[in-house]
Amino acid sequence: MWWPQNLVQVSLFRVLHEKESRPKGGLTRNEFFLIAFVCSFAYYVLPGYLFPMLTSLSWLCWIFPKSVLAQQIGSGLHGLGVGAVGFDWSSISSYLGSPLASPWFATVNIAIGYGLVTYIITPLAYWFNVYEAKRFPIFSDDLFTANGQSYNTSAIVDSNFHFDSDAYDQEGQIYLSIFFAMNYAVSFACLTATVVHVFVFHGRDLWQLSKSAFQDRKMDVHSKLMRRYNQVPEWWFTCILLTNIVATLFVCEYYKSQLQLPWWAFLLACGLAFFFTLPIGVITATTNQTPGLNVITEYIIGYLYPGYPVANMCFKVYGYISVKQGIAFLQDFKLGHYMKIPPRSMFMAQVCGTLISALVHLGTAWWLMDTVPNICDRALLPSGSPWTCPGDHVFYDASVIWGLIGPRRIFGNLGYYNSINWFFLAGALAPIAVWLLHKAFPSQTWITLITTPVLLGATINMPPATSVNYNSWIIIGFLSGFVAYRYHHNWWGRHNYVLSGALDAGLAFMGVLLYVSLDMEKVSLDWWGSSPDGCSLASCPVAEGIVVDGCPIF
């Protein structure tokens, strides 16, 4: 199996390191990369500084500036995003990866899943007032009280950062926006769909490959060429694994009051990561989309160990991020295998890169917290600030939902959203239905391209991703597929991934330059185009009697 995202890396490697003859009447890929890089670098000054509204052009809000309904439908950042588009590569590729690197069938699956959740399930649930949805914004990652106000989570935490059940009874239960609730629902379905889909469609192949791994088997040309290099001994991996397990167990016990995570929970997280790496890796290898374990890890530890939000976050990191990083590790080795890079060199580069990356991330986080006032605090940050930390905000809310309060009081027998658990069953049945359909109509090969984990999990990045991120990603993905099919397929196949890499590189360099030269000096613009959305009423509730600052009362 091949990871499509690796094609971008391979194309860039060849552009920068291999000699290429000039095609008749055209550009070499190196020249094409440089031109695209310069264009991307120069263009990003517009959405990155001069005209941030290019990130989300929500034209319905301009036509109906006083209509809550129109802005709920049209806002690309706080609503359903009908017609909203963005001309900012950072917002297009930030959550789903590059649309140019996505296989066509995966793009179609994502588009169908996104349309199903965003434009059918969510509006129906909202306008039929499921879970009192009209009391809250239609799209938001905030937590709310019954009267539509933001929930004061600090009121239900004691001095040791543990859950205070008496205070929670006094404050009342937590409510979610309807899209946030539906997002958790499809996350449940995506998890079971991943396991069942891999078992049904790939189970026999995986079994045969597993047996052949312990036997002598025929090698392809790549494996034969790689035999000239010394392989990485198994004990290298084993030593790193055992060292990290022992170190983590020590940290969990020594800093138990701070981390809150018991030793058995860490071992359980390792077991979950071990079990899910294979099925998730199969989906990633075939679709370039990676289903996440973030919700199920939160769910499990929240039931077993409720009232400890830090423990919940740590368990999610060890269970979910371990799988994500493990798959990224495999991607690198796969890239090295096809590019004929010595395995031991690749291994050392990965280990050193991981250590350097961890230190750089930690140092950058400390630096930003010291240099950016009110970072991540949406209430205190100025309008249009880039430091709202949408991903961290969702991470915090998840720690409150699953860790502090616990799933039993929200999704369990004591919870308001307990019916959402039926999506676990729906997700398990969906791949079986596709498989039966394939068996009934074997000549219809398109049926096998229906990948239910990708379709059901299309919106698991929302929030923090918004509808404009998905709209723009899908549009670019469809245009790429159309160009590849209709015009100059060979040319596009040679330049598609080079273009993707050039856009990423140009954006990265200009982003750093803008931050160092302007953001650090607190140089900013304040005009109509500085607002990234312009839909101030999109987050307003429409239930009668709900009073929210800046919103009309119905």
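**Cavities, a pocket and a salt bridge**

User: How many nonpolar, polar and charged residues are in the lining of the second largest cavity?

Analyst: This is a predicted model, where local features need pLDDT of at least 70, side-chain atom pairs count only at pLDDT 80 or more, and totals for chains, interfaces and linings use all residues. Residues are numbered from 1 along each chain as its sequence is written, and side-chain values use heavy atoms, without hydrogens or water. Ala, Val, Leu, Ile, Met, Phe, Trp, Tyr, Cys and Pro count as nonpolar, Asp, Glu, Lys and Arg as charged, and the others, Gly among them, as polar. The lining of the second largest cavity then divides into 4 nonpolar, 3 polar and no charged residues.

User: Which helix gives the most to the lining of the second largest cavity?

Analyst: A cavity is a set of 1 Å grid points where a 1.4 Å probe fits but cannot get out, and lining residues have an atom within 4 Å of a point. This one, with a volume of about 30 Å³, is lined by Ser-187, Cys-190, Leu-191, Thr-194, Ile-280, Pro-291 and Gly-292. Helices are DSSP runs (H or I, at least four residues) and strands too (E, at least two). With 4 residues, the top contributor is H9.

User: How much space lies in the largest cavity?

Analyst: The count is 2 cavities of 30 Å³ or more. Residues lining the largest cavity include Ser-187, Phe-188, Tyr-299, Phe-424 and Ile-460, and helices H9 (178-212) and H14 (294-304) each give two or more residues. Its lining has 8 nonpolar, 3 polar and no charged residues. The space comes to about 100 Å³.

User: Now the second largest pocket: which helix gives the most to its lining?

Analyst: A pocket is an open set of points with protein on both sides within 12 Å along at least five of seven lines. This pocket holds about 320 Å³ of space and has 16 lining residues, with Phe-87, Asp-88, Trp-89, Ile-92 and Ile-476 nearest its centre. The lining divides into 12 nonpolar, 3 polar and 1 charged residues. Giving 3 residues, the answer is H20.

User: Which residue forms a salt bridge with Asp-141?

Analyst: A salt bridge puts a side-chain nitrogen of Lys or Arg within 4 Å of a carboxyl oxygen of Asp or Glu, and the count is 4. For Asp-141, the closest N and O atoms are 3.1 Å apart. The pair links distant parts of the chain, 237 residues apart, with Asp-141 in the loop between H7 and S1 and its partner in the loop between H16 and H17. That partner is Arg-378.

Note on methods: Points joined across faces, edges and corners; volume = space filled by probe spheres on them.
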